[in-house]
Amino acid sequence: MRHLIDPMDLSVEELDEILALAQDIIKDKDKYAETCKRKKIATLFYEPSTRTRLSFESAMIELGGSVIGFSEASSSSVSKGESIEDTVRVVGCFADIIAMRHPNEGAPLLASMYSPVPIINAGDGGHNHPTQTLTDLLTILREKGRLSDMTIGFCGDLKFGRTVHSLVKAMSRYSGIKFVFISPKELKIPEYLLSEVVEPAGIPYEEVTSLEDAMPDLDMLYMTRVQRERFFNEADYVRLKDTYILDDKKLIPAKKDMVILHPLPRVNEISVTVDKDPRAAYFRQVLNGKYVRMALILKLLELM
Ligand code: CP
């Protein structure tokens, strides 16, 4: 039985297979409409979500399966003190696969040690978000036609941004990649990612504070939200939240084929006027998330 806890749980070959399957699903949705008939996914969300939970649920429904679960722990027996271990043992009696989001780093990994069915990490604290990474990879592939040979700028909260951490790990396995980490000094990329992932892979990188200076070199700009829920101190959040606001003026020196991604939700960090720019791919990215989760469910259930 396979789980997906960390983006590195999948080899490059397995990633390629999932991305190829997602692209086939996009081409011929009817072919897959009954592949998960009588299968159930349980979405166990201990932390708020719009895209991830609903895309897992619509993915399973479009595969012909059905959905159970909870969108807040307070409506489950977690509120009576039930442990993660017991919760997944119980839910595994009802569902064929579980997608779990939890504020505690490592909670989905713990769940995978006790679950009788595959566990998908749908985001654990500031740690990892591997299905957002699959979403991002499919979007990069569809927008740029490749996953190699590009300069990628990550901008915003690089300290707590689990989508950034997961995508850095995944992109470090492709050739010709360069990273530009754009953040205030308080929200820099964690040192362990540089020393354990980026540097051993021989990837050139820069850490800078100016989005404007970095812009002309970028093939892809990955904007992120400064996450209020990860701060201990409201004053620090207020001071840092609007450090970067991408607007039409800042995009003037950008490459004409640069792609703008954002895992969403957005707060202020991308002006709504940018939405009309053809380089703004973040709503196309959301839709790709459903297709790639359809592919992942089929692979983990060993139906493809
Ligand atoms: N990108 C993402 O994880 O969005 P949600 O928090 O809405 O699921």
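In strand β4, Ile120 is the bridge partner of Ala99, and four bridges join strand β3 (residues 97-102) to β4, the two strands running parallel. This is a predicted model, in which local features need pLDDT of at least 70 and side-chain atom pairs count only at pLDDT 80 or more, whereas totals for chains, interfaces and linings use all residues. Residues are numbered from 1 along each chain as its sequence is written, and side-chain values use heavy atoms, with hydrogens and water left out.

**The four-stranded sheet**

- An open sheet of four strands has the order β2-β1-β3-β4, with parallel pairing; two strands pair if DSSP finds at least two bridges between them, and strands are DSSP runs of E with at least two residues, while helices are runs of H or I with at least four, numbered from the N terminus.
- Strands β2 (66-70) and β4 (119-124) stand at the edges with a single partner strand each, so one side of each is left without a neighbour in the sheet.
- Neighbouring strands of this sheet are turned by 15° against each other on average, direction ignored, where the axes are lines fitted to C-alpha atoms.

**Strand β6 and its partners**

- Strand β6 (residues 177-182) is mostly covered, as five of its six residues are buried, meaning under 20% relative accessible area with a 1.4 Å probe and protein chains only.
- Six bridges join strand β5 (residues 150-155) to β6 in a parallel arrangement, and Met150 stands opposite Ile177 of β6.
- Four bridges join β6 to strand β7 (residues 205-208), again running parallel, and the bridge partner of Phe179 in β7 is Tyr205.
- The chain crosses from β6 through helix α7 (residues 191-198) to β7 in a right-handed β-α-β crossover; right-handed means that, with the strands pointing away from the viewer, the path from the first strand over the helix to the second runs clockwise.
- Strand β5, helix α6 (residues 162-171) and β6 also make a right-handed β-α-β unit.

**The ligand site**

- The residues surrounding the ligand are Ser49, Thr50, Arg51, Thr52, Arg101, His129, Gln132, Pro263 and Leu264, each having a heavy atom within 4 Å of the ligand.
- An oxygen atom of the ligand is 2.7 Å from a polar backbone atom of Thr50, and an oxygen atom of the ligand is 2.9 Å from an N or O atom in the side chain of Arg101.
- A nitrogen atom of the ligand is 2.8 Å from a polar backbone atom of Pro263.
- Taken alone the ligand exposes 260 Å², of which the protein buries 91%, with areas from the Shrake-Rupley method and a 1.4 Å probe.

Technical notes. Buried means under 20% relative accessible area, exposed over 50%, partly exposed in between (1.4 Å probe, protein chains only). A polar contact is a pair of N or O atoms within 3.5 Å; within protein, one must be able to donate a hydrogen and the other to accept it, and residues adjacent in sequence count only if both atoms are side-chain atoms. Axes are lines fitted to C-alpha atoms, for helices over the stretch in contact, and angles run from 0 to 180 degrees between N-to-C directions.
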